[in-house]
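Here is a short tour of one protein model, written to be read with the structure open beside you.

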Amino acid sequence: MQDVAVSTDSIRLGQFLKLAGVVDAGSDVRSLLEDGRVGVNGEAEHRRGRQLVRGDVVTVDDTELRVG
């Protein structure tokens, strides 16, 4: 699991995936979500604007990223 540091108390899922280097642009997040490749805390997620807080775990395919 990789920790990704954020400078705020919360961050939107699309912004987080861009910060983590999973996507090059925020618009690329849409296809990941539509394909069902993204999960948050063990549950499928389809909202790009989902608010994440420290400790949340985002899964993209086989990669786990923790909001730090």
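## Basis

This is a predicted model, in which local features need pLDDT of at least 70 and side-chain atom pairs count only at pLDDT 80 or more, while totals for chains, interfaces and linings use all residues. Residues are numbered from 1 along each chain as its sequence is written, and side-chain values use heavy atoms, leaving out hydrogens and water.

## The nonpolar core

A nonpolar core is a set of buried Ala, Val, Leu, Ile, Met, Phe, Trp, Tyr and Cys residues joined through side-chain atoms within 4.5 Å. Buried means under 20% relative accessible area, with a 1.4 Å probe and protein chains only. The largest such core has 18 residues, and Leu13, Phe16, Leu17, Val38, Leu52 and Val58 touch the most other members. At least two core residues come from each of helix H1 (13–19), helix H2 (29–34) and strands E3 (38–40), E6 (57–60) and E7 (63–67); helices (H or I, at least four residues) and strands (E, at least two) are DSSP runs numbered from the N terminus.

## A buried glutamate

Glu45 sits in the loop between strand E4 (43–44) and strand E5 (51–53). Glu45 counts as buried because its relative accessibility is 5%. Beyond four places in sequence, Glu45 is in contact (heavy atoms within 4.5 Å) with Leu13, Leu33, Val38, Gly39, Val40 and Arg50.

## Strand pairing

Strands pair if DSSP finds at least two bridges between them. E3 and E6 are antiparallel over 3 bridges, with Gly39 opposite Thr59. E6 and E7 are also antiparallel, over 4 bridges, and Val58 of the core faces Leu65 there.

How values were computed:
Buried < 20%, exposed > 50% of the residue type's maximum accessible area, 1.4 Å probe, protein only.
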